[in-house]
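Q: I'm new to this one and would like a close look at a single part of it. Could you walk me through it in plain words?

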Amino acid sequence: MNKRLIIPDQFRMNASLLFRKSALCLALSLAFAVAPSLQAQTEEMTEMEERMDIIQDGYRTIGRGLRRPDPSQLPEFIKSAETMKEEAVKCKELVPLKIKQMPEDQQAEAIKKYKAEMDVFIATLEEMKTVLEAGDFEQANVVFDKLKNEKSEGHEEWKTDD
Ligand code: HEM
């Protein structure tokens with residue numbers, strides 16, 4: 001008897017579908033292979049770096065907004081200034097890697113100086129929030145320049161050169 005294997009239509013795969021499925025499998029395998037190394041990178045970040053990244057998001061949002069002032073976006077910028085301030089308050093209580101690597105007898109003095117500079121930064125962020133609440137874009141530009149200087153001076157002094 002001549003037996004034929006009958007494959008129902010819904011199980012038939014054309015070549016292009018087979019190719020797409022293989023490509024998907026390959027992409028998934030790659031994703032699983034790469035994920036652990038990405039996770040290792042995140043684990044290596046200090047808490048301060050993570051908080052600074054959030055500060056950077058707000059800084060960029062406000063910076064972009066000031067280039068094309070649009071009053072309807074003020075609530076978003078005010079929220080960014082608030083978040084930046086909250087994160088800066090938390091950063092003030094953390095110790096930069098560079099200070100941790102200093103000889104122990106120099107650390108207390110350095111922490112005192114770092115905290116004083118963070119207080120100035122926090123005050124500038126509060127000022128940013130105030131001028132944005134007043135809808136004063138011109139003054140917001142002036143305050144933004146202050147933030148820019150505090151950022152570069154803070155990094156010059158307290159960031160490790162990695
Ligand atoms: C708008 C202002 C600021 C922005 C946008 C900013 C942004 C950043 C970014 C993106 C990083 C690196 C995070 C990473 O590696 O992924 C960083 C690190 C750092 N920043 Fe800032 N920063 C600002 C202000 C400041 C100020 C005022 C200080 C100090 C007074 C400061 C001290 C540091 C230190 C010490 C690190 C290294 C973290 C560690 O040692 O663990 N930053 N910042």
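Among contacts in the protein chain between residues at least 6 apart in sequence, what share join residues at least 24 apart? And at what angle do the axes of α3 and α5 cross?

A: Bear in mind that this is a predicted model, where local features need pLDDT of at least 70, side-chain atom pairs need 80 or more, and totals for chains, interfaces and linings use all residues. Residues are counted from 1 along each chain as its sequence is written.

On your opening question, the share is 68%, a contact being two C-beta atoms, placed from the backbone, within 7 Å. The protein chain has 6 helices and 0 strands (DSSP runs of H or I with at least four residues, or of E with at least two).

Now for the pair. The axes of α3 (residues 74–92) and α5 come within 9 Å and cross at roughly 165 degrees; they're lines fitted to C-alpha atoms over the stretch in contact, with angles from 0 to 180 degrees between N-to-C directions. So α3 and α5 are roughly antiparallel, the word for angles over 145 degrees. Among the residues making the contact are Leu74, Phe77, Ile78 and Lys92 of α3, and Lys115, Phe121, Leu132 and Glu133 of α5. By class, that contact has 14 nonpolar, no polar and 7 charged residues, with Glu and Lys counted as charged, and Leu, Phe and Ile as nonpolar.

Note on methods: Angles under 35 degrees count as roughly parallel, over 145 as roughly antiparallel, 65 to 115 as roughly perpendicular and the rest as oblique.
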